[in-house]
Amino acid sequence: MTTTTTTTVATVTDEAFAALAQRVRVLTDRADITGLIDGYLLSLDTVPHTGGRFDEAWARRHFTPDVRITTPVGEHQGIDGLAESEQATLAKFERTQHVGANYMIDLDGDRAAVRWNAVMAHVHPAATQRARNEEPGGHFDVGGTFTGEAVRTPGGWRLRSLEVRAVWTSGTGPLVLTPRAEETLRGLAGGAC
């Protein structure tokens, strides 16, 4: 009887340990993906603000080589040229602040569907404000959603796809807009979501 009880306790303990280990892995994956998202958003504000430039190391820290990104200003496929594209987009502003919230992470093994909301403030350079005959400090704010896929790689979680959708804007955009950005702003002004 004692042997049977010991075996039963050991089996339950092994099952409980396996369940706990699985739960810890899920929590760790969620924390790692949240850290990836927060690191990406923070980098959009800190890299240019500190005088740095987006580079290949930045791109590889956040994205897979086959990444596909769709934003209100355009699309980009693959990691090559991604840093330069990001540099050109954010160079239109003196400073930015990207704040993410409401992270939804749907884990499926080594993949995860991700979604979050963001409020993004873009402060115009003084030259833009002078060209518009406006006081310095003007900004263009965007509220939107990010959806995509994160995958586990040997270097950790990375974003494989990302779609940024503007839900609302406030203020005037940069002096020079891409055709896609002009279309997005027209649609939002017309009440489209």
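Residue A150 belongs to strand β5 of this predicted model. The residue is buried, its relative accessible area being 0%. Apart from neighbours within four places in sequence, A150 is in contact with D110, R111, A112, V114, W157, R158, L159 and R160. A150 and R30 are separated by 120 residues in sequence, yet their C-alpha atoms lie 11 Å apart in space.

**The sheet around β5**

Strand β5 (residues 139–153) runs antiparallel to strand β4 (residues 111–123), and 13 bridges join the two. Within this pairing, V114 stands opposite G148 in β5. Helix α5 (residues 179–189) packs on the sheet, where it touches β1, β2, β5 and β6 (156–170), and its direction makes about 50° with that of β6. Helix α3 (residues 82–90) lies across β1 (63–71), β2 and β3, running at about 35° to β1.

The open sheet consists of 6 strands in the order β2-β1-β6-β5-β4-β3, with mixed pairing. Strands β2 (74–77) and β3 (95–108) each have a single partner strand, so one side of each, at the edges of the sheet, is left without a neighbour. Direction ignored, neighbouring strands of this sheet are turned by 15° against each other on average.

**Salt bridges**

The structure holds 10 salt bridges.

| Pair | Closest N and O atoms |
|---|---|
| R152 and D29 | 2.9 Å |
| E149 and R160 | 3.8 Å |

R152 forms a salt bridge with D29. Because R152 lies in strand β5 and D29 in helix α1 (residues 2–49), this pair ties together parts that are 123 residues apart in sequence. D29 is buried, at a relative accessible area of 5%, whereas R152 is partly exposed, at 27%. Both residues also take part in a network of salt bridges that links R25, D29, D110 and R152.

E149 forms a salt bridge with R160. E149 lies in strand β5 and R160 in strand β6, so the pair ties together parts that are 11 residues apart in sequence. E149 is buried, with a relative accessible area of 18%, while R160 is partly exposed, with 25%.

Methods
Residues are numbered from 1 along each chain as its sequence is written. This is a predicted model: local features need pLDDT of at least 70, side-chain atom pairs count only at pLDDT 80 or more; totals for chains, interfaces and linings use all residues. Side-chain values use heavy atoms; hydrogens and water are left out. Two strands pair if DSSP finds at least two bridges between them. Helices (H or I, at least four residues) and strands (E, at least two) are DSSP runs, numbered from the N terminus. Axes are lines fitted to C-alpha atoms, for helices over the stretch in contact, and angles run from 0 to 180 degrees between N-to-C directions. Contact means heavy atoms within 4.5 Å. Buried means under 20% relative accessible area, exposed over 50%, partly exposed in between (1.4 Å probe, protein chains only). A salt bridge is a side-chain nitrogen of Lys or Arg within 4 Å of a carboxyl oxygen of Asp or Glu.
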